[in-house]
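Welcome! Have a look at the sequence and the structure below, and then let us walk through some of its details together.

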Amino acid sequence: VSIGFPKGAVVELKAVSHSSQFTHRMNLIRAISEAMEEAIILGSPIVFPPGKEDVRSASHETLAGSFGSSRILTVPIYGNAQYYCAVTLERDDDSDFLPAEIEYCRAVSTLVAPSLEEKRLNSRMLALKINDAFMDQVKRMTGPHYPGRKLFASIALALVVFFTFADGTYRVSANASLEGEFQRTIASP
């Protein structure tokens, strides 16, 4: 089982079962990543070997032919108007992935994907988190929703501008007397 997350136009593999470490230069990892990309582009699970109704996949054929997996299933996980990740399952025996198994993998992956996405977002560098938070606030200020926030920001901006450029004479009316700090007496002879 392998799981990968979309990063731009490619899928970056994050975990492979029974492998604690792997490099992205390995041909197997690249082939799995390409199979996941293809499933995400098509937007549906891809089974190899394909049945009569299934979509044929060049990446899955390459993965099976080059690396000896006789049965492959890739399930893209969709939610919140985006693809979170893709899961690729491989079998070496001759038992096909049954429709019930495919649906089970899709259901479990769909339930787990938001949690995995949350973990992925929280494990990023602090600078990326700050940038995303800032961009989120910019979208909220310029988007169609959040009228209270926009009203408060407009009022605050208007007050800052007013008090920056406002000019006037300040008068205080009160009884006053002016005395020196030291009082001296001069006596004439």
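## Salt bridges

The count of salt bridges here comes to 5, where a salt bridge is a side-chain nitrogen of Lys or Arg within 4 Å of a carboxyl oxygen of Asp or Glu. One of them joins Asp-96 to Arg-71, with the closest N and O atoms 2.5 Å apart. This pair links distant parts of the chain, as Asp-96 is in the loop between β5 (82-91) and α3 (99-122) while Arg-71 is in strand β4, 25 residues apart. Helices (H or I, at least four residues) and strands (E, at least two) are DSSP runs, numbered from the N terminus.

Asp-132 pairs with Arg-124, their closest N and O atoms being 2.3 Å apart. Arg-140 pairs with Asp-136, and here the closest N and O atoms are 3.4 Å apart. Arg-140 and Asp-136 are separated by about one helical turn, because they are 4 residues apart in helix α4 (residues 126-142).

## How the model was read

Please keep in mind that this is a predicted model: local features need pLDDT of at least 70, side-chain atom pairs count only at pLDDT 80 or more, and totals for chains, interfaces and linings use all residues. Residues are numbered from 1 along each chain as its sequence is written, and side-chain values use heavy atoms, with hydrogens and water left out.

## Buried or exposed partners

How accessible are the residues in these pairs? The words used are buried (under 20% relative accessible area), exposed (over 50%) and partly exposed (in between), with a 1.4 Å probe and protein chains only. Asp-96 is partly exposed at 44% relative accessibility, whereas Arg-71 is buried at 15%.

In the second pair, Asp-132 has a relative accessible area of 36% and is partly exposed; Arg-124 is partly exposed too, at 23%.

## Around Arg-71

Let us return to Arg-71, which is placed in strand β4 (residues 71-79). The side chains of Arg-71 and Asp-96 are also joined by a polar contact of 2.5 Å. A polar contact is a pair of N or O atoms within 3.5 Å; within protein, one must be able to donate a hydrogen and the other to accept it, and residues adjacent in sequence count only if both atoms are side-chain atoms.

Which residues is Arg-71 in contact with, leaving aside its neighbours within four places in sequence? They include Phe-48, Pro-49, Leu-89, Glu-90, Arg-91 and Phe-97, where contact means heavy atoms within 4.5 Å.

## Cysteines

The count of disulfides comes to 0, a disulfide being a pair of cysteine sulfur atoms within 2.5 Å. Cys-85 is in no disulfide, and the nearest cysteine sulfur, that of Cys-105, is 12 Å away.

## A nonpolar patch

Finally, look for Leu-151, Ile-155, Leu-159, Phe-162 and Phe-163, which make a nonpolar surface patch of about 550 Å². Patches are made of residues with over 30% relative accessible area and no salt bridge: like charges are joined within 9 Å, nonpolar side chains (Val, Leu, Ile, Met, Phe, Trp, Tyr) within 5 Å. Accessible areas come from the Shrake-Rupley method with a 1.4 Å probe; for residues, only the protein chains shown count as cover.

Leu-159 sits in helix α5 (residues 147-165). Leu-159 is partly exposed, with a relative accessible area of 44%.
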